[in-house]
Amino acid sequence: MLSGIVFLNCFHKEVNTVLTGHIKTALEEAEYEIIRDEEPYYGKIPGLQGVWATDRTLEECRRNLTEVLEGWIVVRLQRGLPIPPQ
């Protein structure tokens, strides 16, 4: 039983490392601009449909974009859809 737990723990760490790397790479490709809006900072990740965010500051926009990207990945994994390589 212990070997199964160790395997799952190692698998979880490996998956987490892959996802963290994918998120980091995707965020490096993010594009930001200032728009006319109450939340003037707009960010998107080209090639990932629906992955965009806004906020009042660039830093908050980056945080929001990270959350949107994480959610986007979770939904795609739940639906058995591919995650495009970055």
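Tutor: Two strands pair if DSSP finds at least two bridges between them. Helices (H or I, at least four residues) and strands (E, at least two) are DSSP runs, numbered from the N terminus. In this predicted model, local features need pLDDT of at least 70 and side-chain atom pairs count only at pLDDT 80 or more, while totals for chains, interfaces and linings use all residues. Residues are numbered from 1 along each chain as its sequence is written, and side-chain values use heavy atoms, with hydrogens and water left out.

Student: Which residue in β2 is the bridge partner of glutamate 31?

Tutor: Lysine 44. Further along, isoleucine 34 faces tyrosine 41 of β2.

Student: What makes β1 and β2 a pair?

Tutor: Residues 31–34 (β1) and 41–44 (β2) are joined by four bridges. The requirement is at least two, so the strands pair. Their sense is antiparallel. Six residues lie between them, and the two form a hairpin.

Student: How do you know that β2 and β3 pair?

Tutor: By the bridge count again. β3 (residues 52–55) pairs with β2 over four bridges, in the antiparallel sense. Glycine 43 stands opposite alanine 53 in β3.

Student: What is the order of the strands in the open sheet?

Tutor: It runs β1-β2-β3, with antiparallel pairing. β1 and β3 are the edge strands, since each pairs on one side only. From one strand to the next, the twist averages 20°.

Student: Where does helix α2 lie?

Tutor: Helix α2 (residues 58–78) lies across β1, β2 and β3, at about 150° to β3. Axes are lines fitted to C-alpha atoms, for helices over the stretch in contact, and angles run from 0 to 180 degrees between N-to-C directions.

Student: What makes up the largest nonpolar core?

Tutor: Eleven residues: Ile23, Ala26, Ala30, Ile45, Leu48, Val51, Ala53, Leu65, Leu69, Trp72 and Ile73. A nonpolar core is a set of buried Ala, Val, Leu, Ile, Met, Phe, Trp, Tyr and Cys residues joined through side-chain atoms within 4.5 Å. α1 (2–28) and α2 each supply at least two residues of this core. α2 gives the most, with four.

Student: Which residues are in contact with valine 51, leaving aside its neighbours within four places in sequence?

Tutor: Gly43, Lys44, Ile45, Leu65, Val68, Leu69 and Trp72. Contact means heavy atoms within 4.5 Å.

Student: Why is glutamate 39 called partly exposed?

Tutor: Its relative accessible area is 30%. Buried means under 20%, exposed over 50%, partly exposed in between (1.4 Å probe, protein chains only). So 30% makes glutamate 39 partly exposed. Glutamate 39 sits in the loop between β1 and β2. Beyond residues up to four places away in sequence, glutamate 39 touches Thr54, Asp55 and Arg56.

Student: How do you know that the charged end of arginine 62 sits over the ring of tyrosine 32?

Tutor: The charged end is 5.4 Å from the ring centre. A charge sits over a ring if NZ of Lys or CZ of Arg is within 6 Å of the ring centre and within 35 degrees of the ring normal. The distance of 5.4 Å is within 6 Å, and the contact is classed as sitting over the ring.
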